[in-house]
Amino acid sequence: MIDISFLRQFSALIQAAEQIRGKSIREIQALTGVPSSSKSKSYLAILTYLRQNLPMEGLSFLQSYADLSLKTIHLGKEGRPKESMSFSSFDFLRLSQESWDSSPIREDFSQNFWFFVTFSNKEPIILTHFFYRLPKEDLLAVRDLYEGFRRKLLEGDVYSEKGFVPCFRIEGRQVAHIRPHARNKDDVLSLPVPDKRTGRTTATKQAFWLDKEYLARIVLENLSPTEKEVFQS
């Protein structure tokens, strides 16, 4: 049975997001009071605006609803994302002890709705917004990536001659990859098994990243003809 209040909250979020369509990040910062020097200023400005312009039940929904995540995508030339999208770094020990079905990574990719807000590099201006949930076939690609990396952790096979295996990915559908997500080289976690080549027992924090080419496909599917013209002018 569909929860009517749930649908109303989604509707309120869409209406609030529609109000910033065409506005520049600078304009939104001025409206919200978010300093231009803030880190992730575009994200903070957009999130603050949505919170300020949602009714109370919508505000609570945005702050506490676990299955909805706000994601911002910075588009560069020809409407293509400038970079891949990172998720939270994961714990090597925990990952080695859990299964795909019980992992928070699976929940992130299979249960959550992502509310994407895209903006152009030219102003930058807000272009569009849309909900997205990973299709089943793409979720299977993420599962293969997860299981392949977990197997390497348990086999102690994570370092090559060049260092920690970079951009670990599965051939085929390029949906996501695994690469560092650390503050610096000293931001490390323990490995479940020492690496068999180097004997190392730690590695820099890693995370799942959605490939920017994958993001490009889903963004272009959701841009209107008028929005696409922004990148062709």
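In the predicted model, strand E10, which spans residues 206-210, is joined to E7 by five bridges, and the two strands run antiparallel. In general, the strands of a sheet pair through backbone hydrogen bonds, and the pairing may be either parallel or antiparallel.

E7 and E10 belong to an open sheet of three strands, in which the order is E2-E10-E7 and the pairing is antiparallel. The edges of this sheet are formed by strand E2 (85-90) and strand E7 (176-180), each of which pairs on one side only. From one strand to the next, the twist averages 30°.

A helix accompanies the sheet. Helix H7, comprising residues 136-155, lies across E2, E7 and E10, and its direction makes an angle of about 40° with E7.

Within helix H7 is found lysine 152. The relative accessible area of lysine 152 is 24%, and this residue is therefore classed as partly exposed, since the buried class requires a value under 20% and the exposed class a value over 50%. When residues up to four places away in sequence are not counted, lysine 152 touches Asp157, Val158 and Phe168. The position of lysine 152 may also be described relative to valine 193: the two residues are 41 residues apart in sequence, while their C-alpha atoms are 9.6 Å apart in space.

Conventions. Residues numbered from 1 in each chain as written. Predicted model: local features only at pLDDT ≥ 70, side-chain atom pairs only at ≥ 80, totals over all residues. Heavy atoms only, no water. Pairing = 2+ DSSP bridges. Helix = DSSP H or I, 4+ residues; strand = E, 2+ residues; numbered from the N terminus. Axes fitted to C-alpha atoms, helices over the stretch in contact; angles between N-to-C directions. Contact = heavy atoms within 4.5 Å. Buried < 20%, exposed > 50% of the residue type's maximum accessible area, 1.4 Å probe, protein only.
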